[in-house]
Amino acid sequence: MTSRIPRDSRLRLVRPRPLAAAPRAMNQRRSRRPAPRPPEGTPAPAELAGMARLGLADAARVARWADAALGPGRDGATADGKATLSDATAERAARDLGLTPDQVRADWDTARLAGLVEVHGDSARPGWRLRAWDRDDSAVLRGWVALFDAWSLACPEPEGHEPAAVAEVVSAIPQTLTFLQLSAGPVPVEQLLDLLEQRVTELRTARCEIPYGPRPEPPAEPAPTDAPLAPLLDWALRALASVGALTYGDGQATLTPLGSWAVWVKLEQICVAAQSPAGNIEQSAEDMLRGCAQLRPNAARAEYRAWLAARTVGGAVTELLAAARGEDALLRGLAFEALRVVGAPAEPDVRAVLDEPTLRPYALLWLAEHDGADPEDAHEVLTREEATWLWVDTAAAVADHGEAPLLVRHLESAVQPTVPMLLDEVRAVGHPRTVQVLVALAAAHPDPALAKAVRRAAFQVHTGGS
């Protein structure tokens with residue numbers, strides 16, 4: 001009897017889609033509320049990104065120089081083989097770039113704070129933002145916001161002040177910035193000082209606790225936090241001006257367009273953290289991911305940000321990876337989408353799971369995108385076996401949560417050029433859901449001959465035959 005199984009059933013393949021492409025295709029429900037809009041008069045994102053590029057041009061220049069001169073295997077590497085900015089390296093960069101060594105070090109520090117350079121242990125390497133600097137406005141703005149968040153590191157704090165007083169001012173500055181934004185114009189420093197003193201007093205009052213039992217005698221000398229706050233306010237305003245968040249002079253301060261936009265972004269994040277769009281902020285990682293499964297990608301990312309904002313980074317990453325280790329392949333893909341929102345702080349933990357076969361393909365794709373690879377091309381870091389394993393895992397997510405036509409279309413993302421080759425490699429890869437995936441695909445496919453071939457492959461895997 002002649003077999004009806006096609007000998008060379010070629011698939012009309014498209015470029016393999018990035019991680020969790022199939023789950024994304026399922027997330028077609030509209031978000032529950034429109035994205036918030038910035039205040040009227042805020043420049044467009046492209047214009048804001050242009051301002052950020054201009055302000056960080058010197059830092060980007062030094063980062064690119066370091067990328068070219070200090071990379072592994074290049075003659076410009078430092079004597080100890082570590083891509084760090086030693087004195088000799090700073091002097092060399094100064095000669096090459098026409099700067100002073102102090103300017104090079106200042107620009108290097110700015111590049112590190114903005115994520116243009118990332119330090120890993122004793123070595124440094126270009127950050128993913130540097131790779132995307134010229135083509136991705138959102139990467140540029142995220143880099144500038146990272147610098148804005150690190151304003152207290154941008155300038156040395158004044159000497160003679162206790163760390164507690166400095167910490168109080170750093171904690172109180174967000175309210176000062178909010179007042180500047182609401183004022184939408186220059187504000188006298190005296191007014192900002194009054195506001196700062198009120199906020200610091202509130203922080204001290206909220207921290208005050210009345211102990212039970214005998215109370216100890218107060219110290220003889222005055223508390224260090226009683227020192228005047230004017231020098232610390234001056235330091236904070238100068239530091240914020242150095243990162244481009246405001247202008248400071250003639251006894252007044254004014255937010256720049258970038259600074260005003262960043263303050264608005266921070267306020268929105270606070271609102272999101274207070275009440276997540278879909279109400280999953282108090283859920284476990286697994287339940288939160290399940291709640292996001294039916295959201296469109298943008299709405300899901302907003303939910304991830306809200307969930308992350310309410311937790312420490314380390315705890316959130318640990319919980320997401322635990323959810324990814326479960327049996328639900330859809331949650332595995334969504335967990336790594338949430339880890340993309342975490343960004344650089346998640347890298348050590350993601351790198352640590354490379355030895356886990358279940359998570360390795362996801363981790364490799366995450367790391368490739370983190371290092372600047374285009375999401376459409378990130379799959380190239382996978383071996384053929386890893387790509388096949390990921391194809392089966394994504395198919396399992398579609399089979400469990402999607403619709404039959406989507407599972408049929410998932411065939412187009414396979415790296416194999418023919419159905420027989422795909423089935424051979426799927427059988428060999430040893431994914432625990434192989435039988436269920438093949439049975440679901442056979443039931444969904446409209447081509448009787450192809451469905452028969454897939455059912456036969458499922459039977460062979462189930463019985464251990466060939």
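Reader: In this predicted model, is T256 buried or exposed, and what is its relative accessible area?

Author: The residue T256 sits in the loop between β5 and α12 (257–274). Burial requires a relative accessible area under 20%. T256 is therefore buried, its relative accessible area being 15%.

Reader: Which residues does T256 touch, not counting those up to four places away in sequence?

Author: T256 belongs to the loop between β5 and α12. With residues up to four places away in sequence left out, T256 touches G244, A245, L246 and T247.

Reader: Where is D250 found, and what is its phi?

Author: D250 is found in the loop between β4 (246–249) and β5 (252–255). Most residues other than glycine have a negative phi. D250 is not a glycine, yet its phi is positive, at about 55 degrees.

Reader: Is D250 buried or exposed?

Author: Exposure requires a relative accessible area over 50%. The relative accessibility of D250 is 81%, so D250 counts as exposed.

Reader: Which loop holds A184, and is A184 buried or exposed?

Author: A184 is placed in the loop between α9 (163–183) and β3 (187–188). Although A184 is not a glycine, it has a positive phi of about 55 degrees. Its relative accessibility is 72%, and A184 therefore counts as exposed.

Reader: Which residues of helix α2 are buried, and within what arc do they fall?

Author: Helix α2 covers residues 45–55, and L48, A49 and A52 are buried in it. Seen down the axis of α2, these buried residues line one face of the helix, because they fall within an arc of 100 degrees.

Reader: At what angle do helices α4 and α5 cross, and how are they oriented to each other?

Author: The axes of α4 (residues 87–97) and α5 (residues 101–113) come within 8 Å and cross at roughly 105 degrees. Angles from 65 to 115 degrees count as roughly perpendicular. The orientation of α4 to α5 is therefore roughly perpendicular.

Reader: Which residues of α4 and α5 meet, and how many of each class does the contact have?

Author: On the α4 side the contact involves D87, A90, E91, A93 and A94, and on the α5 side P101, V104 and R105. Sorted by class, the contact of α4 with α5 has five nonpolar, no polar and three charged residues.

Reader: Which residues are linked with D87 in a network of salt bridges?

Author: Side chains of opposite charge can pair when their charged atoms come close. D87 is one of the α4 residues that meet α5, and R105 is one of the α5 residues in that contact. The network of salt bridges links D87 with D102 and R105.

Reader: How do the axes of α13 and α16 cross, and which residues make the contact?

Author: Helix α13 (residues 285–292) and helix α16 (residues 329–342) have axes that come within 10 Å and cross at roughly 95 degrees. The two helices are therefore roughly perpendicular to each other. By class, their contact has five nonpolar, no polar and two charged residues. The contact is made by E286, L289 and R290 of α13 and L331, L334, A335 and A338 of α16.

Reader: How far apart are the closest N and O atoms of R64 and D134?

Author: R64 is in helix α3 (residues 57–69) and D134 in the loop between α6 (128–131) and α7 (137–149), 70 residues apart. R64 counts as partly exposed at 35% relative accessibility, and D134 as exposed at 64%. In the salt bridge of R64 with D134, the closest N and O atoms are 3.3 Å apart.

Reader: Why are R199 and E202 separated by about one helical turn, and what is the N to O value of their salt bridge?

Author: R199 and E202 are separated by about one helical turn because they are three residues apart in helix α10 (residues 189–207). R199 is partly exposed, with a relative accessible area of 25%, and E202 is partly exposed, with 41%. Their side chains meet in a salt bridge, N to O, at 3.1 Å.

Reader: How many salt bridges does the structure hold?

Author: Among them are the pair of R64 with D134 and the pair of R199 with E202. The number of salt bridges in the structure is 20.

Terms used:
Residues numbered from 1 in each chain as written. Predicted model: local features only at pLDDT ≥ 70, side-chain atom pairs only at ≥ 80, totals over all residues. Heavy atoms only, no water. Axes fitted to C-alpha atoms, helices over the stretch in contact; angles between N-to-C directions. Helix = DSSP H or I, 4+ residues; strand = E, 2+ residues; numbered from the N terminus. Parallel < 35°, antiparallel > 145°, perpendicular 65-115°, else oblique. Contact = heavy atoms within 4.5 Å. Nonpolar A, V, L, I, M, F, W, Y, C, P; charged D, E, K, R; others polar. Buried < 20%, exposed > 50% of the residue type's maximum accessible area, 1.4 Å probe, protein only. Arc of directions from axis to C-beta. Salt bridge = Lys/Arg side-chain N within 4 Å of Asp/Glu carboxyl O.
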